[in-house]
Amino acid sequence: MKTPLKVLLVEDDPNVRLGCEQAMQLAGIPVVVAVSAEEAEKHLLPDFAGIVVTDMRLPGISGMDLLRKVRALDPDLPVIIITGHGDVTLAVEAMRNGAYDFMQKPFSTGDLVEVVGRALEKRALVLEVEALRRRLDHRDDLEARLIGRSPQMQKVRRLILDVADAGVDVLIYGETGTGKEMVARCLHDLSRAGQENYVAINCGGMADNLLDSELFGHEPGAFTGAQKRRIGKIEYASGGTLFLDEVESMPMNMQIKLLRVLQERVIERLGSNQQLPVSCRVVAASKEDLKAWSEQGKFRADLYYRLNVVRIELPPLRERREDIPALYDAFLLQAAKRYNRPPPALPPQLLQRLMAQDWPGNIRELKNVAECHVLGIGSVVANAEPAVKPSLAEAVENYERLLISDEFSRQGGNIQRTAEALKAARTTLHDKLKKYGLL
């Protein structure tokens with residue numbers, strides 16, 4: 001999905017600014033206006049999707065200085081200079097400093113639109129080549145992280161490569177254990193914001209009254225126990241990616257607040273009336289069909305359509321059985337490395353059994369079975385001789401770790417709910433989670 005190119009028009013003369021803006025808008029060219037170079041700099045980020053048209057003489061920083069800053073930011077970003085009558089010498093200097101072209105006042109709006117059109121075509125080509133290069137650079141990495149040569153997974157990887165740089169909000173749909181968070185992480189890592197914060201939150205993993213503070217933060221005294229300011233997940237993710245897992249479990253009142261954030265890109269901490277601008281990509285994941293839920297009144301339709309800008313559907317493992325051998329082999333190697341054991345052999349009869357199962361827990365279940373195989377436990381590999389027989393103490397610890405890990409994942413990383421499900425003390429569970437490296 002391509003971001004539409006736009007023109008950043010920097011002009012302090014209101015009459016010239018209005019004339020240029022209207023001419024480009026009539027030509028179907030999106031325009032963002034700034035009255036000074038200082039204001040224009042706020043819009044100029046790496047890979048700015050457009051071009052710059054700036055007057056040479058501006059209050060404060062001059063158009064020539066702005067040109068130098070743009071060239072330092074991105075040498076391929078076209079800058080068109082507007083000069084006054086008699087400023088030909090300055091125009092020549094600007095061209096030597098890398099300006100794309102210059103317009104001398106007075107000029108016709110038709111000439112401006114023509115020059116802008118050529119510059120936009122050049123910019124579009126440069127961005128397309130850069131995006132292609134990034135996709136090629138990341139293709140091998142993506143195939144290593146999202147394993148599978150089935151048509152469904154090839155489609156998923158292509159879609160990720162297409163939209164990773166677009167910055168649009170994404171809705172990921174898939175059954176439990178299909179790898180929704182891995183897709184969200186790939187979208188973040190392959191985007192321009194890959195070096196910024198990636199913030200994940202499980203909407204079903206905490207009490208409703210805590211979710212508000214967790215997402216939006218709070219000021220001291222906002223509620224009982226709020227002794228100091230807390231930065232919320234949305235604010236912390238600004239500039240990066242916010243991943244909302246199990247978004248279908250979000251309460252209706254929180255859905256309304258999230259919709260406002262998506263529409264206006266501002267938040268208010270609890271206990272504050274100050275609006276804070278935020279700019280983050282939102283990736284939401286659900287195991288439920290949110291369209292059907294919205295039609296049934298169980299999920300806000302307006303929020304569904306706002307999140308569903310791009311939809312990525314992850315197939316269940318039973319619908320891509322041809323990927324099971326490669327996935328299982330990769331999980332065996334990962335588990336062998338983690339537990340410092342040699343990878344066990346994979347007999348053909350075991351592979352046939354793996355391919356024949358329906359895997360209701362999908363990839364997560366397959367990974368657990370691979371770990372059991374490496375550790376020499378588990379019914380699926382009962383007929384396969386383990387590579388190294390564990391001691392009784394090791395077997396007990398291995399079983400305990402897998403039991404805790406499975407329930408911890410099922411409860412969305414919520415320690416309290418996991419402790420209740422396992423009928424264990426919270427402090428005891430916390431210690432064991434630390435012991436087994438699950439925290």
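Serine 286 touches Ile172, Tyr173, Gly174, Lys180, Val247 and Glu248, leaving out residues up to four places away in sequence. The model is predicted. Serine 286 lies in strand β13, and β13 belongs to an open sheet of five strands. A second open sheet, also of five strands, contains β1 to β5. The points below take each sheet in turn, then the helices.

**Serine 286**

- Serine 286 is one of the residues of strand β13.
- Its relative accessible area is 2%. The cut-off for buried is under 20%, so serine 286 counts as buried.
- The side chain of serine 286 makes a polar contact with the side chain of glutamate 248, at 2.9 Å.
- Glu248 is also among the residues that serine 286 touches, as are Val247 and Lys180.

**Strand β13**

- How many residues of strand β13 (residues 281-286) are buried? Six of the six are, so the strand is largely enclosed by the rest of the structure.
- Arg281, Val283 and Ala285 point one way from β13. Val282, Ala284 and Ser286 point the other way. Residues on both sides are buried.
- Strand β6 (residues 170-173) runs parallel to β13, and four bridges join the two.
- Leucine 171 has alanine 284 of β13 as its bridge partner.
- Strand β10 (residues 241-245) also pairs with β13 in the parallel sense, over four bridges.
- Leucine 244 stands opposite alanine 284 in β13. Phenylalanine 243 has valine 283 of β13 as its bridge partner.

**The sheet around β13**

- The strand order is β7-β10-β13-β6-β14, and the pairing is parallel.
- Which strands stand at the edges? They are β7 (198-202) and β14 (310-313). Each has a single partner strand, so one side of each is left without a neighbour in the sheet.
- On average, neighbouring strands here are turned by 20° against each other, direction ignored.

**The sheet of β1 to β5**

- Here the order is β2-β1-β3-β4-β5, again with parallel pairing.
- The edge strands are β2 and β5 (101-104). Each of them has a single partner strand, so one side of each lacks a neighbour in the sheet.
- Strand β1 (residues 6-10) runs parallel to β2, joined by four bridges.
- Valine 10 stands opposite alanine 34 in β2.
- Helix α4 packs on this sheet, where it touches β4 (79-83) and β5. The direction of α4 makes about 165° with that of β5.

**Valine 35**

- Valine 35 sits in the loop between β2 (31-34) and α2 (37-41).
- Its relative accessibility is 38%, so valine 35 counts as partly exposed.
- Leaving aside neighbours within four places in sequence, valine 35 is in contact with Glu11, Asp12, Arg17 and Pro59.
- Valine 35 and valine 396 are 361 residues apart along the chain. Their C-alpha atoms are separated by 70 Å.

**Helices α3 and α4**

- Helix α3 (residues 63-73) and helix α4 (residues 88-96) pack with their axes 11 Å apart, at an angle of about 5°.
- Angles under 35 degrees count as roughly parallel, and α3 and α4 are therefore roughly parallel to each other.
- Met64, Leu67 and Arg68 of α3 make the contact with Leu90, Glu93 and Ala94 of α4.
- By class, this contact has four nonpolar, no polar and two charged residues.

**Helices α17 and α18**

- The axes of helix α17 (residues 415-422) and helix α18 (residues 426-435) come within 9 Å. They cross at roughly 105°.
- Angles of 65 to 115 degrees count as roughly perpendicular, so α17 is roughly perpendicular to α18.
- On the α17 side, the residues in the contact are Ile415, Gln416, Thr418, Ala419 and Leu422. They meet Arg426, Leu429, His430 and Leu433 in α18.
- The residues of this contact divide into five nonpolar, three polar and one charged.

**Helix α8**

- Leu211, Asp212, Ser213, Glu214, Leu215 and Phe216 are buried in helix α8 (residues 208-216).
- Glycine 217 follows α8, and its phi is positive, near 80°.

How values were computed: Residues numbered from 1 in each chain as written. Heavy atoms only, no water. Axes fitted to C-alpha atoms, helices over the stretch in contact; angles between N-to-C directions. Parallel < 35°, antiparallel > 145°, perpendicular 65-115°, else oblique. Contact = heavy atoms within 4.5 Å. Nonpolar A, V, L, I, M, F, W, Y, C, P; charged D, E, K, R; others polar. Buried < 20%, exposed > 50% of the residue type's maximum accessible area, 1.4 Å probe, protein only. Pairing = 2+ DSSP bridges. Polar contact = N/O pair within 3.5 Å; in protein donor to acceptor, adjacent residues only side chain to side chain.
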